[in-house]
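I wanted to look through one protein model slowly and write down what I found, entry by entry. The structure I had open is shown here.

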Amino acid sequence: MAIPIAYNLRNLVVRKTTTIMTALGIGLTVAVLLAILSLVGGLQATLSASGDPLKVLVMRKGSDSELVSNFLRAQYQDLKFKPGIATGRDGQPLASLELVTVVNLASIENPNGTNVTVRGLTPIGIEMRPTVHIKSGRWFDAGRNELVVGKMIAQRYPDARLGKKIHVGRSDWEIVGVFDAVRGAQDSEIWGDLNRVSADMQRVDVLSSALVLARDPVAAKALVNDIDNDQRLGMHAISEKEYYELQTASGVPILFVGMFVSVIMAIGSSFAAMNTMYAAVSRRAREIGTLRVLGFSRGSILFSFFLESVLLSGIGGLLGCLLVLPLGGLSTGVGTSSFAELAFDFRITPQIILIGIAFAVVLGSVGGLFPARMASRKEILTALREV
C-alpha cells in the first residue's frame with residue numbers, strides 16, 4: 001500500500017520555513033547553471049547564424065583572424081578568378097576584398113571603452129551577405145566618411161547611434177544607418193567604404209582578407225584546397241562557417257568556470273536537502289512508527305520520503321527557472337580572437353529550462369536517498385518511543 005502524495009505535500013507546507021530556505025538554495029544553484037548555459041547558448045547561436053558553408057574566407061597563411069592578416073590588392077586580383085567562384089548578376093566574380101580593424105568605444109557596460117570591429121568593404125561585400133538589411137537610416141555612400149553599424153552596436157554604444165559621429169583612424173565619421181544581421185556576428189560590427197577606410201587607416205594596398213562565394217559545396221571544398229596549395233598566392237582558406245565555429249572557443253572558459261561553480265553549489269545544495277530530510281525523519285519518528293502500524297511497508301516509507309525530497313528540489317528548480325527568466329533577451333559581449341567584442345543575447349530555451357528542472361531533481365534524489373533509507377529502516381517500537 002502506497003502513502004498518498006498529499007501526505008508529502010502537507011509536510012512541505014507545515015514546514016514552510018525549512019521548505020522555503022532549502023528550495024531557495026537549490027533554486028540559486030539552478031539559476032547559476034541556467035545563466036551560464038543561456039550565456040554560452042546565446043554565443044553559439046550567434047556564431048552559428050553567422051557562417052555560410054558556401055563562403056570561403058581567405059587570409060594570410062598563419063593568421064587565425066582577419067585582424068592580424070595581411071592581404072595585398074595584387075593577391076586579390078589573382079584570387080578572384082580562381083575556378084569555382086560564383087558570379088553575380090553582372091557576371092563579375094562574387095569576391096569581396098575587405099579591411100578589418102578595431103576602434104575603441106565607450107559602452108554602457110564599460111565607460112572606459114571596448115574594442116569594436118570596423119570593416120571596410122565594397123557593395124559586392126554587402127551583396128554577398130543577403131541576410132543583412134538596413135533597419136534604419138541608409139547604406140553608406142562610396143567615397144564618403146559614412147558608416148553603418150550593427151544593431152547590437154547601436155544598442156550597446158551610445159556614441160555609435162544613428163546621426164552620431166565617431167573617430168576612426170584620422171577622421172570623424174558619421175553614422176548614417178543601422179543594419180540588422182538577424183542575430184549574426186555582423187551585428188557587432190561597423191561597416192564603411194573600403195577605399196575610404198583603408199585610406200584613413202593608411203593601408204591602401206595592405207588589407208586584411210577576402211571573402212569569396214563558391215558555386216556549390218563541392219566547389220567550396222575544391223576552392224579551399226586550391227588556395228591552400230597555391231604557393232604563389234601564399235594564402236590560407238577556410239569555410240566561413242568553420243571560421244565562426246572556431247570562435248566559439250571564447251565560450252569554453254566561461255562554460256568551464258560556470259560548471260565548476262555550479263558543481264560546488266550543487267554539492268552544497270545536496271547536503272542542504274539531505275540535512276533537511278534527516279531533520280524531518282528525526283522529528284517525525286512517531287509518524288513513521290504510526291505509518292508502520294497502519295500497515296505501510298518499509299518500501300512505501302522509503303519511496304514517500306524520497307519523493308518528498310524530490311518534490312522539495314522540484315520546487316527549488318522551478319524557483320531557479322523563474323529567477324533566470326528575466327535574463328532572456330539581455331545582451332552582453334565577450335572578447336574574440338580578433339581582440340574585439342562580440343555582442344549577443346542570453347537565450348533561455350525550453351531545453352535549458354528542462355535541464356534546470358532535471359538538475360534540481362538529481363540534487364533532490366541525491367539528498368533524499370539516505371534519509372529516506374534511514375526512515376524506512378526504523379523499527380516500529382523504537383520509532384513510537386522517540387520524542
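**Before starting**

I noted that this is a predicted model, in which local features need pLDDT of at least 70, side-chain atom pairs count only at pLDDT 80 or more, and totals for chains, interfaces and linings use all residues. I also noted that residues are numbered from 1 along each chain as its sequence is written, and that side-chain values use heavy atoms, with hydrogens and water left out.

**Entry 1: the whole protein**

I looked up the secondary structure and found 13 helices and 14 strands; helices (H or I, at least four residues) and strands (E, at least two) are DSSP runs, numbered from the N terminus. Of the 387 residues in the protein, 51% are buried, where buried means under 20% relative accessible area, exposed over 50%, and partly exposed in between, with a 1.4 Å probe and protein chains only. The protein exposes about 17,800 Å², and carbon and sulfur atoms supply 63% of that area; accessible areas come from the Shrake-Rupley method with a 1.4 Å probe, and for residues only the protein chains shown count as cover.

I then turned to contacts, where contact means heavy atoms within 4.5 Å. Among contacts with a separation of 6 or more, 79% are between residues 24 or more positions apart.

**Entry 2: the cores**

Which residues have the most contacts inside the largest nonpolar core? They are V58 and I190, in a core of 39 residues; a nonpolar core is a set of buried Ala, Val, Leu, Ile, Met, Phe, Trp, Tyr and Cys residues joined through side-chain atoms within 4.5 Å. Apart from this core lies another, of 19 residues, which include L39, A86, Y244 and V334.

Going back to V58, and leaving aside its neighbours within four places in sequence, I listed its contacts as F71, L79, S209, A210, I227, M235, H236 and A237. F71 and D205 are 134 residues apart in sequence, yet their C-alpha atoms are 8.1 Å apart in space.

**Entry 3: a pocket and a cavity**

Rolling a probe the size of a water molecule over the atoms shows where empty space is left. On a 1 Å grid over the protein atoms alone, a cavity is a set of points where a 1.4 Å probe fits but cannot get out, a pocket is an open set with protein on both sides within 12 Å along at least five of seven lines, and lining residues have an atom within 4 Å of a point. Grid points are joined across faces, edges and corners, and a volume is the space filled by probe spheres set on the points.

The largest pocket has a volume of about 170 Å³, and its lining includes P53, V56, P217, H236 and E242. Both α7 (217-229) and β12 (235-239) supply at least two residues of this lining. By class, I read seven nonpolar, two polar and two charged residues in the pocket lining; Ala, Val, Leu, Ile, Met, Phe, Trp, Tyr, Cys and Pro count as nonpolar, Asp, Glu, Lys and Arg as charged, and the others, Gly among them, as polar.

How many cavities of 30 Å³ or more are there? The count comes to two, and the second largest cavity has a volume of about 60 Å³. Its lining is made up of L57, E66, E98, R119, R129, Q186, L211, E240 and Y244, which by class are three nonpolar, one polar and five charged residues.

**Entry 4: residues in loops**

Most residues other than glycine have a negative phi. V182, not a glycine, has a positive phi of about 55°; V182 is in the loop between β8 (171-180) and β9 (189-193), and is partly exposed, with a relative accessible area of 46%. Q202 also has a positive phi, near 60°; Q202 is in the loop between α6 (194-200) and β10 (206-207), and counts as exposed at 63% relative accessibility.
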